[in-house]
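Q: Could you take me through how to read ring pairs and enclosed spaces in a model such as this one?

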Amino acid sequence: MHNAQTLPTKGTRLPHTTYHPHPLTIVIAFIALCILVSYLFLRSVQSFASPPLTCTNLLRQADYQQILAATTEQRLPPVTQITSDLIPGQLSTFVQVSHPDDPRHLLDVYVYTCSQQGWDSQPTLIPVFQLHDLIQGTASITQAHSLSIGQLDTTLPVDNDLLMQPDQQTMYREYRWQNGAFIQVPFPALFPVLSRAEAQQLQTQANAGTILPWSDPLKTAASLAQNLLHWSADSTHIHLIRQSAGEAELMLTEESPSCELDVTLQRLIQTDEHGLWFVTSASSPGLTLQHNNLDMATSSPLTLSGTLDQAGAPAAHQSTPTALLFDHTLTHLAVLNTEAIVIQPNGGFTGTLHFTNDLPGQPSLLLLAFTTSRSSQQTISLLLTNVLLS
């Protein structure tokens, strides 16, 4: 007979059993814990050392040499400048790439901005301006928060090169941020120069002690009459109407042929007592021109319209109109059609000027003249205005 198994009764203690983990398990757990701690530590260090990528960081850290490698052959690293002076309320990068191995000393110019939809999205570089192969090119940001671009005028005759200073051989264009893009804009001066860069150079010379006639508004107006309009100094009279710290108004008169010209001058670069004066408007009384498209670069033909309201208006349509164009050096450009302007009996006029221009975006000057003969006396009405020729 088998012995029956004895069950533990109340009050009987069970034998104590102790669990001992395998040594390999301990090693694996320790390694896993070290890996976790290391990962968390590295994440915290990277988060501290590398803040989230923003547009500001991207503009500063971008490798522009690599970005431009696909579009240009670079011999030197790009010269970059982070600026807030070009686009209101927004940073941009102003980039210049030189080609010193090319005998023409070419320059490429770029402006980059950045777009980012939200803080959790990646910012993107956006090219908003670029010009390539500027011969002996220059580029700078002006005090007027615009972009000044210069390049050698290779169309000038050789004899002109000998007579001109190096700065006069450079054509300058000015670009300003408008409506989401860089647009070429005219400099408001009509005389003695047509670009902001040249005006700044004159002001720099004056500040360095060079005596220039442009430091006096009357002398500036007299130079306009004699050097651009070819009036005789003996028969030219200047009457100062009003002068303030930064603006002067005067009237130029010529005896024969009879002409009156209302002239406004301003200190465009430097507004203190050392600032130079520049002619900003010049027109005879009663002569007006509509500026619908003249502030934009215009290709041939150039269309214009305006009004000639002379004393004795019924004779206005008997006037003989003339149109002259001047290039950036204030040298005559050829107008291909001699009878370019038609005057209506009511004094209104329209015109279509055909011209040749080998320098896209060239700052130029338009001179309109209307000559009327009465009783052997000639009267001329004049108007000067800026134009950009493409």
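**Aromatic rings and a cavity**

A: In this predicted model, F129, Y175, W177 and F182 are linked into a cluster by ring pairs.

Q: How many aromatic pairs does the count come to, and how is a pair described?
A: A pair of aromatic rings is described by how far apart the centres lie and by the angle of the planes. Here the count comes to seven aromatic pairs. One of them joins F129 and Y175, with 5.1 Å from centre to centre and 65° between the planes, and is edge-to-face. F129 belongs to strand β4 (residues 124–135) and Y175 to strand β7, so this pair ties together parts that are 46 residues apart in sequence.

Q: Is F129 buried or exposed?
A: F129 has a relative accessible area of 8% and is buried, and Y175, at 9% relative accessibility, also counts as buried. F129 pairs with F182 as well: the ring centres are 5.6 Å apart and the planes stand at 70°, so that pair is edge-to-face. It links strand β4, which holds F129, with strand β8, which holds F182, across 53 residues, and both F129 and F182 are buried.

Q: What volume does the largest cavity have, and which residues are the closest to its centre?
A: Rolling a probe the size of a water molecule over the atoms shows where empty space is left. The structure holds one cavity of 30 Å³ or more, and the volume of the largest cavity is about 80 Å³. Its lining consists of 15 residues, of which Y172, R173, E174, S195 and R196 are the closest to the centre. The lining divides into eight nonpolar, four polar and three charged residues, and its largest share, three residues, comes from β7.

Technical notes:
Residues numbered from 1 in each chain as written. Predicted model: local features only at pLDDT ≥ 70, side-chain atom pairs only at ≥ 80, totals over all residues. Heavy atoms only, no water. 1 Å grid on protein atoms, 1.4 Å probe; cavity = no way out; pocket = protein on both sides within 12 Å on 5 of 7 lines; lining within 4 Å. Points joined across faces, edges and corners; volume = space filled by probe spheres on them. Helix = DSSP H or I, 4+ residues; strand = E, 2+ residues; numbered from the N terminus. Nonpolar A, V, L, I, M, F, W, Y, C, P; charged D, E, K, R; others polar. Phe/Tyr/Trp six-rings, centres within 6.5 Å; stacked < 30°, edge-to-face > 60°. Buried < 20%, exposed > 50% of the residue type's maximum accessible area, 1.4 Å probe, protein only.
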